[in-house]
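Here is a short briefing on core packing and ring contacts. Please keep the structure open while reading.

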Amino acid sequence: MRIFVSSLFHEGNSFSRLKTGPGSFVIARSASLLGKAAGSRSSLGGACRALTHLGCQILPGISAVAPPGGPVEDSLFGQLCAEIVAGVETMRPDGIYLDLHGAMITESLDDPEGALIAAIREVAGPETIIAVSLDLHAHVTKTMLAGADLVLACKENPHTDYDTAGERAATLLVETIQRRIAPVTAAIWLPLIFGAQMETARGPLSSLHARRREILAHHPSLLDISICNCTTLVDVPGGAQCITAIANGDPAGAKDAVEDLARMLWDMRDAFTPDFTPLETALADVASGRPSTPVILGDQGDRVLAGAAGDGTVIMSEIARHWPNLNAVVPVTDPEAVLRAQRSGIGGVFEAAIGGSLSKGVVPFRAKWSVLSLGNGYFVHDGPYLKNEPATLGNTAVLQSGNLTVLVTSLPGFTQDPAAFRSQGIELDGRDVVVVKSGYHFKISFGSLGACVVVDTPGISNYRRGLLPFTKRRPVYPEDMIEDPALAASIFTRIRPTNPT
């Protein structure tokens, strides 16, 4: 059985001044894709391992992965899409597996991943099975579900189960090709947005996922239930919470499952209240000596992992001005500051205001900086999130001023992983504070180094009602007062007869 695989991974931010171009993507093809996938905790890695175990021949296309950020340039998306589609058309596989984030946007497209699936379907024909795995913060669309036979998402935030989602999608793909199952999907959308209490192991989502597991355990026809909490930073028509259920030839069972969970989620819509730690409280706690150090602070308002630019200066400014005895490492995106450091050279000193050049309302932080090192920004994730995935920060400079060591990056980058710092020459042992531009995933990568605390900082990724100027996504609660929606599921099916087992 010949299975074509590809990955196109990017989470969008409709409100960013930045565009996401070729420099933000790390791309692998052919043997490089397979080599990366072999040790990766990505969905693509999980899928490739499952396909190998099932005796399939893997036909590698392309893997293109970038950190979340502003809209992808149309021309770049067109090139990547064309390459994937051409691969399908040339190789004529028995089945297709795609690892997509599900919340990509481009300069002109609100649903580029749906467009990609539709284009693949056009050349693959109606009988070729297509399976897709998504991030649970995906913007799931009817175009996606109509074009693919199987669409499912990871279940955990922080995302410790990307590989499991890939394995499941690949396994169901093979079983569908073998006609052992006839998947039918029910989907339901809720006009709801929230940006807090988003971890799946605690708070309201914990009880929702407990109910999801209970439903799966009691209904053998159900193959998967996915709950997608659409990211807050995409302003797209129909941007909503989406719950899907895949059943083996049982549309009624799938429909009942998603409607049950949708009612539960809607009833708890007011439970997603922020519970982040005030910055001053977190820093005072570190200064008191109570927690062991380093303490890892997640910058909730400037999360690159949600699509923010990473140029926020609130934490570095607070530490420098009010906590001079704390030895802190802080990342910031500032391509101009990197150029200044390159001109000064290692050992050079220059005065400049850094940060705040990419986002509205951010005050740059001025100081005299010593250049400790310069780097190319390339690293490979230690994981577990995105383990073995290569990434880029763009060119970098490590600067020091007083008690601050600052990792300055040319591009918004994945700093939820210790490898981002260590690869650029920054050791984390002996620090009091390490700041990361993440609110969730850093906990599973930094947890062994010290206590992980999400701090309540201002910024575009710290959602509050009225913060973001939504236009396409409305009406949506709590931006708008909405009466109880109908919560009726839609059915998507490309059912084929199953073979007797």
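Phe-9, Tyr-162 and Tyr-385 form one aromatic cluster. The model is predicted. A search of the whole structure finds eight aromatic pairs.

**Aromatic pair Phe-15 and Phe-470**
- The rings of Phe-15 and Phe-470 pair edge-to-face. Their centres are 5.5 Å apart, with 80 degrees between the planes.
- This pair links distant parts of the chain, 455 residues apart. Phe-15 sits in the loop between strand 1 (2-9) and strand 2 (26-29). Phe-470 sits in the loop between strand 19 (452-455) and strand 20 (490-493).
- Phe-470 has 4% relative accessibility, so it counts as buried. The cut-off for buried is under 20%.

**Aromatic pair Phe-421 and Phe-446**
- Phe-421 and Phe-446 also form an edge-to-face pair. The centre-to-centre distance is 6.3 Å, and the planes are 75 degrees apart.
- Phe-421 belongs to helix 12 (residues 418-422) and Phe-446 to helix 13 (residues 442-446). The pair links distant parts of the chain, 25 residues apart.
- Both Phe-421 and Phe-446 are buried.
- Beyond its neighbours within four places in sequence, Phe-421 contacts several residues, including Val-329, Pro-331, Leu-407 and Thr-415. Ile-426, Leu-428, Val-434, Val-435, Val-436 and Phe-446 are also among its contacts.

**Charge over a ring**
- Arg-269 lies over the face of Tyr-477. The distance from the ring centre is 5.5 Å.

**Nonpolar cores**
- In soluble globular proteins, nonpolar side chains tend to be buried together.
- The largest nonpolar core has 54 residues. Val-5, Leu-51, Tyr-97, Phe-421 and Phe-446 touch the most other members.
- Helix 6 (residues 162-177) gives the most to this core, with seven residues.
- A second, separate core holds 40 residues. Val-88, Ala-138, Leu-145 and Ala-148 are among them.

**Helix 6**
- The buried residues of helix 6 include Tyr-162, Asp-163, Ala-165, Gly-166, Ala-169 and Ala-170. Leu-172, Leu-173, Val-174, Glu-175 and Thr-176 are buried too.
- Just after helix 6, Arg-179 takes a positive phi of about 60 degrees.

Terms used
Residues numbered from 1 in each chain as written. Predicted model: local features only at pLDDT ≥ 70, side-chain atom pairs only at ≥ 80, totals over all residues. Heavy atoms only, no water. Core = buried A, V, L, I, M, F, W, Y, C linked by side-chain atoms within 4.5 Å. Buried < 20%, exposed > 50% of the residue type's maximum accessible area, 1.4 Å probe, protein only. Helix = DSSP H or I, 4+ residues; strand = E, 2+ residues; numbered from the N terminus. Contact = heavy atoms within 4.5 Å. Phe/Tyr/Trp six-rings, centres within 6.5 Å; stacked < 30°, edge-to-face > 60°. Lys NZ or Arg CZ within 6 Å of the ring centre and 35° of its normal.
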